[in-house]
Amino acid sequence: MIKDSIIEVKNVTFEYSNSEKTKTVIENFSLNIVRGSFTVILGHNGSGKSTLAKLLNGLYKPDSGDVLVDGINTKDEKYELEVKRRVGMVFQNPDNQLLASVVEEDVAFGPENLGLSPQEIRNRVDSSLKAVDMYDFRKNAPHHLSGGQKQRIAIAGIIAMEPECIVLDEPTAMLDPKGRKEIIKTIEKLNKEKNITVILITHFMEEAQNADRVIVMNDGAVYADDTPINVFSDAQMLKNVGLDVPQTTELLLSLKNSGFNVDTKNISIEETADTILKAFHSEGI
Amino acid sequence: MQPILEVKNLTHTYDESTPFSFDAVNDVSFSVFQGEIIGIIGHTGSGKSTLVQHLNGLIKPSSGKILYNGTDIWEKPKEIKKIRSEIGLVFQYPEYQLFEETVYKDIAFGPKNMGLDGEELDKRIRDICSLLEINNEYLDKSPFDLSGGEKRRIAIAGVMAMNPKVIIFDEPIAGLDPIGRKSVIKMIEDYRKRYNATVIIISHNMEDMAQLADKLLVMNKGKLIKFDTVANVFGDDQTLKSIGLNVPIVTKVFSNLKEKGFPVSKKIFTIEDAVSYLLELKERGEHFA
């Protein structure tokens with residue numbers, strides 16, 4: 001086991017097949033996720049990122065190769081529950097993940113299945129709801145909440161299992177900008193304060209700004225693996241794999257092409273403005 | 001010139017005469033002219049979807065009117081079906097509504113219900129597919145074998161195959177990746193150009209709105225709070241901020257520049273605007289500090 005990695009993916013191949021054809025989605029894929037890190041996985045639809053997510057907690061088993069969670073092989077049926085408790089999954093559509101008619105009952109569902117004492121379940125439900133800032137809504141009905149609030153309840157349900165790692169598969173795709181911000185803020189907080197390892201799959205660039213590491217997937221393989229700033233400033237690479245270039249990078253690149261002397265390795269609004277100022281000052285204007 | 005669509009004092013109350021009664025749309029009035037692209041922005045729950053569902057008679061106003069070419073769409077309730085074929089509505093996640101065995105049959109569903117058949121129906125489908133660059137080889141496939149983005153395109157083609165004069169989209173690009181998004185935007189532009197159609201789009205993507213729309217309609221808590229050109233709406237970032245909406249990223253960069261003492265004398269919404277404005281400043285070489 002590599003020191004300090006929570007998840008190791010070793011030479012994994014995975015294919016979908018029906019009676020007519022077989023499609024290899026992931027081929028000879030390897031990846032290590034460091035404990036406590038915040039990793040973002042980007043890729044267009046069909047790049048294999050959702051399949052990868054489902055391999056990480058044993059929902060899918062590799063056709064060849066291995067996935068180790070805390071050293072446990074996801075193929076080992078004896079430890080199936082252990083793997084799923086350690087790596088929680090949050091999906092795209094919040095409506096498909098909530099089942100109880102009261103928020104706190106929904107969050108309690110996972111811990112109840114772990115066979116914990118009622119007091120322990122109570123403690124976990126309360127602290128999870130507080131962690132996602134939804135404690136005040138504990139007696140509400142989930143279907144009366146906004147999309148962002150529902151998605152936070154889904155996350156609370158996962159945290160209540162006290163996982164080492166959370167994998168989120170496009171958790172904000174169906175939310176409005178406000179809901180998206182709420183979710184990203186929650187995820188970043190869990191990563192920093194509770195030291196939960198986060199793997200976030202998304203195609204919104206701005207959600208990756210504060211990540212430790214960005215992995216770009218294409219055709220079931222790693223196409224780029226670097227810091228957010230290095231990935232986002234490589235406009236050509238992003239375009240090659242059909243991803244958006246952040247607006248700020250696009251602006252700086254357009255300026256550069258029009259003869260401005262600007263450093264294009266900036267992604268925040270503040271840095272971009274400063275870069276433009278600097279370019280004008282260097283012209284003596 | 002007569003507007004193609006006029007909304008007059010439209011109010012829609014949900015759960016009327018119960019303790020839960022609330023106005024999802026509250027006294028909204030505006031006019032749309034043929035060929036315009038109108039963007040509707042606002043938070044989830046601001047009444048956008050309820051508003052557009054009135055425009056083709058899908059739901060009835062609690063009070064107020066919708067005029068299409070000067071006539072109240074509810075004047076003859078029996079003819080509402082005709083209104084629905086002239087004013088097309090593409091729902092959120094329309095791909096969930098695909099159900100036929102083949103892509104061809106799914107696209108044919110709408111025009112068939114309008115009474116088209118035989119060669120006329122076939123020609124209609126071939127025409128719309130060639131305009132929207134839907135390859136012939138797709139037509140015999142099951143829609144369920146397609147990717148999410150492709151399914152969305154087919155669902156939209158099904159509405160466009162009815163040749164509506166006005167076409168309304170409720171978040172047509174939500175949940176799509178960049179490639180899917182670009183292809184849906186291109187479909188909308190191509191359709192509008194070919195038929196000089198009127199387009200109304202609900203979206204949260206301010207960059208796309210800045211590119212596409214002629215005018216923006218801002219909804220907040222069931223009320224229309226602004227209906228103006230893109231420049232005037234994004235120019236008033238205080239109003240947008242106060243209701244928690246974003247302006248395009250490029251506009252934010254220029255607000256930040258202005259705070260830093262840079263001479264920004266006009267509002268910038270797109271990258272093209274930004275580059276040409278900065279080039280102009282550079283050429284003038286004016287001093288500032």
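Here are some numbered notes on the two-chain model above.

1. **Ground rules.** This is a predicted model, in which local features need pLDDT of at least 70, side-chain atom pairs count only at pLDDT 80 or more, and totals for chains, interfaces and linings use all residues. Residues are numbered from 1 along each chain as its sequence is written, while chains are lettered from A and ligands numbered from 1 in the order in which they are written.

2. **Chain A overall.** You will find 10 helices and 10 strands in chain A; helices (H or I, at least four residues) and strands (E, at least two) are DSSP runs, numbered from the N terminus. The radius of gyration of chain A is 21 Å, close to the 19 Å that the globule rule gives for 285 residues, so chain A is as compact as a globular protein of that length. That radius is taken over C-alpha atoms, and the globule rule is 2.2 Å times the number of residues to the power 0.38. Along the principal axes, the C-alpha atoms of chain A fill a box of roughly 70 × 50 × 40 Å.

3. **Burial and contacts in chain A.** Of the 285 residues in chain A, 46% count as buried. A residue is buried if 20 or more other C-beta atoms lie within 10 Å of its own, exposed if 12 or fewer, and partly exposed in between, with C-beta atoms placed from the backbone. Take the contacts in chain A between residues at least 6 apart in sequence: 62% of them join residues at least 24 apart. Two residues are in contact if their C-beta atoms, placed from the backbone, lie within 7 Å.

4. **Chain B overall.** Chain B has 11 helices and 10 strands. Its radius of gyration is 21 Å, close to the 19 Å of the globule rule for 289 residues, so chain B is as compact as a globular protein of that length. The C-alpha trace of chain B spans about 70 × 50 × 40 Å along its principal axes. Buried residues make up 44% of the 289 in chain B. For contacts in chain B between residues at least 6 apart in sequence, 68% join residues at least 24 apart.

5. **Domains of chain A.** Chain A is divided into domain 1 (5-242) and domain 2 (246-285); the bounds come from an automatic or database domain assignment. The centres of these two domains of chain A, taken over C-alpha atoms, are separated by 35 Å. Eight residues from domain 1 of chain A and six residues from domain 2 of chain A make up the contact. On the domain 1 side, the largest share, three residues, comes from helix 7 (residues 228-232) of chain A. By class, that side has five nonpolar, two polar and one charged residues. Here Ala, Val, Leu, Ile, Met, Phe, Trp, Tyr, Cys and Pro count as nonpolar, Asp, Glu, Lys and Arg as charged, and the others, Gly among them, as polar.

6. **Domains of chain B.** In chain B the assignment gives domain 1 (5-245) and domain 2 (248-289), with C-alpha centres 34 Å apart. Nine residues from domain 1 of chain B meet seven residues from domain 2 of chain B. Helix 7 (206-212) and helix 8 (230-235) of chain B each supply at least two residues of the domain 1 side. That side divides into five nonpolar, two polar and two charged residues.

7. **Strand pairing in chain A.** Strand 1 (residues 5-17) and strand 4 (residues 64-69) of chain A run antiparallel, joined by five bridges; two strands pair if DSSP finds at least two bridges between them. In this region Thr13(A) stands opposite Ser64(A) in strand 4 of chain A. Strand 4 also pairs with strand 5 (residues 72-73) of chain A in the antiparallel sense, over two bridges, and Leu68(A) stands opposite Asn73(A). The hairpin of strands 4 and 5 of chain A has two residues between the strands, and Asp70(A) takes a positive phi near 50° there.

8. **The open sheet of chain B.** Six strands of chain B form an open sheet in the order 6-7-8-3-9-10, with mixed pairing. Strand 6 (87-90) and strand 10 (223-229) of chain B are the edge strands, each pairing on one side only. Within the sheet, strand 3 (residues 37-41) and strand 8 (residues 198-202) of chain B run parallel, joined by four bridges. Ile37(B) has Val199(B) in strand 8 as its bridge partner.

9. **Where the chains meet.** The contact takes 33 residues from chain B and 30 residues from chain A. On the chain B side, the elements giving two or more residues are helix 5 (148-160), helix 6 (178-195), helix 10 (249-259) and helix 11 (271-284). The chain B side divides into 13 nonpolar, 14 polar and six charged residues.
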